[in-house]
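Try each task yourself before you read its solution.

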Amino acid sequence: MPIRPPINFPRWLDANAQLLQPPVNNFCLYREKDFTVMAVGGPNQRNDYHVNETEEWFYQYKGAMLLKVVDEGEFKDIVIEEGAMFLLPGTDLPSVISFFYSCVSANTPHNPVRFANTIGIVVEAVRPKDSEDALQWYCREPVHTEPVIIYKETFHVNDLGTQLKPVIQRWMADEELRRCKECGKVAPPK
């Protein structure tokens with residue numbers, strides 16, 4: 001297969017901005033053997049946390065985004081400003097590298113919050129054959145002293161663009177999936 005030409009991102013956005021609108025919000029710019037490169041727009045409405053074994057690289061082209069994470073037993077927010085980039089680590093890193101990623105640890109549950117009129121680029125590794133991703137939801141009731149998972153679904157990722165939607169739809173449609181086993185509260189669907 002011939003090498004594809006470079007993409008002039010501002011021109012691409014002028015011609016394709018409609019692809020980055022709800023409900024899908026993302027478009028795959030490149031999918032090759034080792035990496036997938038996606039353009040992602042806002043706003044989005046997700047309350048799930050994604051967990052994967054591979055790294056994710058975030059770059060905010062326009063506007064800021066919020067990356068909610070669960071790290072060391074607590075909820076944390078990482079703001080990625082316009083023009084900033086952030087690498088979310090994947091599997092266990094050598095200790096010398098881990099030092100540089102002190103704000104998050106391996107397999108970090110994360111929820112990318114994108115605001116209206118924002119655009120970012122996300123680079124993800126193609127998943128190894130034996131890896132599993134998960135979507136999980138937490139009970140946010142103040143009775144809990146640490147994050148409590150209400151529901152978790154694992155799967156091998158081939159295409160995030162098509163595989164996340166049915167999992168999220170199951171969560172939204174089933175009140176019992178959204179019921180916390182510890183406190184009995186039902187989480188909102190979105």
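This is a predicted model: local features need pLDDT of at least 70, side-chain atom pairs count only at pLDDT 80 or more; totals for chains, interfaces and linings use all residues.

**Exercise 1. List the helices and strands in order, then decide how compact the protein chain is.**

Step 1: Count the elements, and you get three helices and eleven strands.

Step 2: Walk along the sequence, and the pattern reads α-β-β-β-β-β-β-β-α-β-β-β-β-α.

Step 3: Compare sizes. The radius of gyration is 17 Å, close to the 16 Å from the globule rule for 190 residues, so the protein chain is as compact as a globular protein of that length. Its C-alpha trace spans about 55 × 40 × 35 Å along the principal axes.

Step 4: Check the contacts. Taking those between residues at least 6 apart in sequence, 61% join residues at least 24 apart.

**Exercise 2. Explain why strand β9 is largely enclosed, and find its partners.**

Step 1: Look at residues 119–125, which form β9. Seven of the seven are buried, so the rest of the structure largely encloses this strand.

Step 2: Sort them by direction. Ile 119, Ile 121, Val 123 and Ala 125 point one way, while Gly 120, Val 122 and Glu 124 point the other.

Step 3: Find the first neighbour. β2 (residues 35–41) runs antiparallel to β9 and is joined to it by seven bridges; here Val 37 sits opposite Val 123.

Step 4: Find another. β4 (residues 56–62) is also antiparallel to β9, with six bridges, and Gln 60 has Gly 120 as its bridge partner.

**Exercise 3. Describe the largest nonpolar core, then look for another core.**

Step 1: Start with the members. The core has 16 residues, and those touching the most other members are Leu 135, Trp 137, Ile 150, Tyr 151, Phe 155, Leu 164 and Trp 171.

Step 2: Ask which elements give two or more residues: they are β10 (133–139), β11 (148–155) and α3 (160–173). With five residues, α3 gives the most.

Step 3: Zoom in on Trp 137. Beyond four places away in sequence, its contacts include Asn 47, Asp 48, Ile 150 and Trp 171.

Step 4: Look elsewhere. A second, separate core has eleven residues, among them Phe 58, Val 69, Leu 88 and Val 122.

Definitions and conventions. Residues are numbered from 1 along each chain as its sequence is written. Side-chain values use heavy atoms; hydrogens and water are left out. Buried means under 20% relative accessible area, exposed over 50%, partly exposed in between (1.4 Å probe, protein chains only). Helices (H or I, at least four residues) and strands (E, at least two) are DSSP runs, numbered from the N terminus. Two strands pair if DSSP finds at least two bridges between them. A nonpolar core is a set of buried Ala, Val, Leu, Ile, Met, Phe, Trp, Tyr and Cys residues joined through side-chain atoms within 4.5 Å. Contact means heavy atoms within 4.5 Å. The radius of gyration is taken over C-alpha atoms; the globule rule is 2.2 Å times the number of residues to the power 0.38.
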